[in-house]
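Take a moment to look over the model before reading on. We will go through it one part at a time.

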Amino acid sequence: MPGFGALSWALMKIYEYQARELLRTAGIPVPSGQVITSIEEATQAFKSATEGMSSPMAVIKAQVHAGGRGKAGFVKLVRTAAEAEAAARFMFTNRMVSPQTPPEGLEVTKLLVAAGVDIADRAGGGKEEFYLAVTTDRQTRRNVLIASREGGVEIEQVAHDRPEAIIKHPIDPVLGLRPFEARTIAAKLGLTGRHLNQAADVMVKLAGLYVSKDCTLAEINPLIITEGKDGQVVAIDAKFSFDENGLFRHRDLMGMSDSKEENPAEVRAQKFGLSYIALDGNIGCLVNGAGLAMATMDIIKLHGGEPANFLDVGGGATEEAVTEAFGIILSDAQVKGVLVNIFGGIMRCDVIAQGIVNAATKFRNADGTVGFKVPLVVRLEGTNVEAGRKILEGARGTIPTMQAATDLTDAARKVCVAVN
C-alpha cells in the first residue's frame with residue numbers, strides 16, 4: 001500500500017499456495033487446491049479440485065513472486081480437464097510478463113490448481129469482494145489494518161483515485177486487534193449478520209498472524225462471500241512478505257524461500273554476509289554501515305547521480321568480502337562507476353584500503369581481463385585514515401581509474417562527474 005513508508009530492506013516473499021496454507025493453519029477458510037509442476041499433472045489436479053461439484057470449476061494460477069498475473073493471462077478459470085491441460089500448457093511454455101516483472105518476464109515452474117467458487121452478487125451491482133491487509137504505518141509506528149469494499153482489483157489504484165474507499169484502522173501494539181473493533185470495520189464494509197462475524201474473525205486472525213510470523217505484509221485480496229443461502233466468507237488469494245531479520249524465529253518460513261525467484265546478486269550477497277539491494281541507477285555503492293549507506297545514496301542523488309545499489313559490507317569486512325562486493329556491484333551492466341565510502345571505527349582504514357587495492361587489482365572482468373575498468377572513487381575516514389590514504393595513493397599507478405576523495409561531498413561530486 002502506498003503512503004506507509006519504506007519497509008525493511010530485507011524481505012522474504014512466498015508463493016500464493018504457501019500463503020493459503022498459512023491462512024488455513026490460522027483458521028481462515030480457503031478453497032482446496034494442489035500444486036503441480038508439469039502439464040501432465042493438470043488433468044488429475046482438476047479432477048481432484050472439482051470432485052463432488054455439480055458444475056465442475058477450477059482456477060489455474062501461476063506461482064511467481066510478482067503481481068499482475070490475471071491481466072497477463074496467467075490466472076485462468078477452467079471447467080473441463082481439457083481446459084485445465086491447455087491452461088497449464090500455456091503457462092508452463094510461456095514466460096509471464098507484467099508491470100511487476102523484469103522485461104524478459106518470469107519462468108513459471110509451479111501452478112496452483114484450486115477449486116473454483118461462485119462469488120455472490122452484491123446488491124446494486126458487482127460482486128461481494130473485499131480487500132484486507134495488515135502492514136506497518138511508519139508515521140504512527142503502529143501496525144494498521146487496511147480494508148476496502150473494492151476487492152479483487154488493483155488496490156493501489158483505488159487508494160490513489162478514491163482514498164475514501166480505504167479504511168485504515170491502527171492496531172493496539174499490546175492488545176492487538178480486538179473483536180469489537182473488527183466487527184465495527186466489517187460493518188463499515190457493509191457486512192451484516194453471520195457474514196459480519198465471519199469477516200471480523202478473519203481480520204482478528206490475520207492481524208495475529210502478521211505479528212506472530214514477523215510479517216511486513218499480510219494481504220487477502222479478495223476476501224469473498226460465496227454464492228447461495230449458505231454463503232461463507234472465504235479468502236481466495238493471499239500475499240505475504242516477511243522481515244528477514246526475524247526469520248531465525250521461524251524455521252518453517254525459512255523452508256518456504258525460493259532463491260530462483262529472488263535477484264541472483266542479492267542471493268549471492270547473502271552467502272557472504274553482505275546486505276545488497278539492487279536499484280535502477282548507474283553508480284555502485286560499497287559502504288560499511290546501513291545508515292552510512294543510506295546517506296551515501298542521498299548525497300549521490302543530491303549531486304545529480306543515481307545509485308545503482310544499496311550495499312553494506314558490515315563493520316568487519318574482509319578482503320574476501322570486499323572482493324565479492326565489487327563482483328556483485330559490477331555484475332550489474334548498468335554500473336558505470338563505483339563509490340567506496342568507509343568509516344573506520346572498529347575497522348582500520350589501512351586494512352580496508354589494502355583490501356580495496358588487492359580486490360581492484362585482482363578483479364576479473366567478464367571478458368577475462370584483470371583490473372577495474374570503471375571509475376572508482378574512494379573516501380576513507382576514521383581509524384588509521386592517513387595510513388589508508390597513503391596506500392591508496394601508492395596504488396594509483398596500478399589502478400588508473402581510482403580517485404581518492406577528501407570527504408563524502410567530494411566523493412559524490414567526483415563519482416557523478418566521472419560517470420557523466
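Two strands pair if DSSP finds at least two bridges between them. Helices (H or I, at least four residues) and strands (E, at least two) are DSSP runs, numbered from the N terminus. This is a predicted model, where local features need pLDDT of at least 70, side-chain atom pairs count only at pLDDT 80 or more, and totals for chains, interfaces and linings use all residues. Residues are numbered from 1 along each chain as its sequence is written, and side-chain values use heavy atoms, with hydrogens and water left out.

Start with strand β3, residues 58-62. Five bridges tie β3 to strand β5, residues 111-115, in the antiparallel sense. Find A58: its opposite number in β5 is A115. Now widen the view. β3 and β5 belong to an open sheet of four strands, with antiparallel pairing and the order β2-β5-β3-β4. At the edges sit β2 (33-36) and β4 (75-78), each pairing on one side only. On average, neighbouring strands in this sheet are turned by 20° against each other, direction ignored.

Helices pack on this sheet too. Contact here means heavy atoms within 4.5 Å. Axes are lines fitted to C-alpha atoms, for helices over the stretch in contact, and angles run from 0 to 180 degrees between N-to-C directions. Helix α1 (residues 16-25) touches β2, β3 and β5, and its direction makes about 45° with that of β5. Helix α3 (residues 81-93) touches β2, β3, β4 and β5; its direction makes about 165° with that of β4.

Next, move to strand β13, residues 283-287. Is β13 mostly covered or mostly open? Five of its five residues are buried (under 20% relative accessible area, with exposed over 50% and partly exposed in between, using a 1.4 Å probe and protein chains only). I283, C285 and V287 lie on one side, and G284 and L286 on the other. β13 runs parallel to strand β15 (residues 337-344), and five bridges join them. I283 has G337 as its bridge partner in β15.

Finish with two helices. The axes of α11 (residues 349-362) and α12 (residues 385-394) come within 7 Å and cross at roughly 20°. α11 and α12 are therefore roughly parallel to each other. Angles under 35 degrees count as roughly parallel, over 145 as roughly antiparallel, 65 to 115 as roughly perpendicular and the rest as oblique. On the α11 side, C349, D350, A353, Q354 and V357 make the contact; on the α12 side, V385, A387, G388, I391 and L392 do.
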